[in-house]
Amino acid sequence: MNEELKVLAAQFPPDKPLYAVGGCVRDELLGREVYDIDLTSACLQEQAESFALKAGMRVSLGSKRLGTVIIKGKSSYEYTSFRVDSYPAGSGVHKPAQVRFTQDIQEDARRRDFTVNALYRNISTGETVDLLGGAEDLKNRLLRAVDDPMRVLGEDGLRIMRLYRFVSTLGFDAEEETERAACAKSPLLNDIAPERIRVELDKLLEGEHVGKALRGLVKCGAMQVILPEFCENTGVKQNPAYHKYDVDEHIIKAVEYAPARVRLAALLHDIGKGRCVKEDGNMYRHAEVGARTAEEIMTRLRYPKAEIKRTVRLVALHMTDMRGDMRECKLRRFIADNADIVDDLTDLIIADAKATCDDADIDKCLRIKRLRDKMAQEGVPFSVGELAVNGRDVAEFGYSGEQVGRVLKELFALTLTGEKKNDRKALLAVLEKRNNHD
């Protein structure tokens, strides 16, 4: 641990040492990069604040009820006093109903979720304190509940999402009894606020082992609660001449192939197929239906409006130029209208293709991006606002009102196809010629 933490730890009494706890200890033992450091001890919040100030650090109140305080030096740390949490029986809510502070580190360890997250590091001595077998589970790459898994997951339904988030980011397996409890307690996710599910889902989608985690969510029944629309695609067959997998497995494969920034779009890109088969007997409208369904899902999970809009566009447009035979002039217009998402759309199209068959034509998938790059090299504008002339220039040739906008769009169309260069002199010449003709 860093020197500033050792200075802070020196302020704590020897019988109540300061510990780093949880993910930072786990990741350090795994040789992973450590980002956030959580701190804990038997000292109450007010004492920790006093020690931090003596160490020359700043403090701000976290939650008095939960015994947390934010300690700031060169980095920021969240300190929490040892405590015991009590939850309403069987409710699965994320927030404890009662909190009791304790001097017993064992009690504090048992309020946590998984043994690999209940490891403590004494800041002063560097000693790792493992009360529940977390180090062994770390070695065996297992995610095991700190106590009876039915109690642990039953207390807080969000822990099921955290379980599979760690499957995704660490690649560990859920221990057998813990996985069984996840299956039994998955309905408790209905009690969790949508935005908390969204946060965990986003973190899960960033993991290297995302496919394994998504299959785990399906297996335990959690997917039916958080994304029931996904489950409408379970076992839905696709034309074997083009598709290697049923719709649900195809979607998961696409997520695995997609870069992290478009994995949510990959998860939603074919979400409408099962519904289309049920309603129409075919999948022809799946991009349209999928876009509408994606918007409903993301709104329900309270994603930011801008992210909803962007992801819905990707889902709606992921079949664009599927055969690679769209006329170039039409594709140029498409690129101009969607220049801001061309890179993400290309990555989604590639992931979709790889998840479809083993010999996907990736070169064809790159056509939109290649044409975009060619247009940029040609100096083609991607909007009317990028034209080398503006409304004032057009007005000088006698146009007014709506005519100005119409003429600018016509000039834009000429530059878009490459018929005219986006050069001020060349476009003024077009206006001059047009004016003389009129």
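**Aromatic pairs in the predicted model**

Let me start with tyrosine 19, which has a relative accessibility of 12% and therefore counts as buried; buried means under 20% relative accessible area, exposed over 50% and partly exposed in between, with a 1.4 Å probe and protein chains only. The model is predicted, so local features need pLDDT of at least 70 and side-chain atom pairs count only at pLDDT 80 or more, while totals for chains, interfaces and linings use all residues. Residues are numbered from 1 along each chain as its sequence is written, and side-chain values use heavy atoms, with hydrogens and water left out.

Now the pairs. Across the whole structure, a search finds six aromatic pairs. Rings of Phe, Tyr and Trp (its six-membered ring) pair if their centres lie within 6.5 Å; planes under 30 degrees apart are stacked, over 60 edge-to-face, and the rest tilted.

Phenylalanine 12 and tyrosine 79 are a tilted pair, because their planes stand at 40°, with ring centres 6.1 Å apart. Phenylalanine 12 sits in the loop between helix H1 (3-9) and strand E1 (19-21), and tyrosine 79 in strand E5 (residues 76-81), 67 residues apart. Helices (H or I, at least four residues) and strands (E, at least two) are DSSP runs, numbered from the N terminus. Phenylalanine 12 is buried at 6% relative accessibility, and tyrosine 79 is buried at 0%.

Back to tyrosine 19. Its ring and that of tyrosine 120 have centres 5.8 Å apart and planes at 80°, so this pair is edge-to-face. Tyrosine 19 is in strand E1 and tyrosine 120 in strand E8 (residues 119-122), so the pair ties together parts 101 residues apart in sequence. Tyrosine 120 is buried, at 0% relative accessibility.

Finally, Phe12, Phe51 and Tyr79 form one aromatic cluster.
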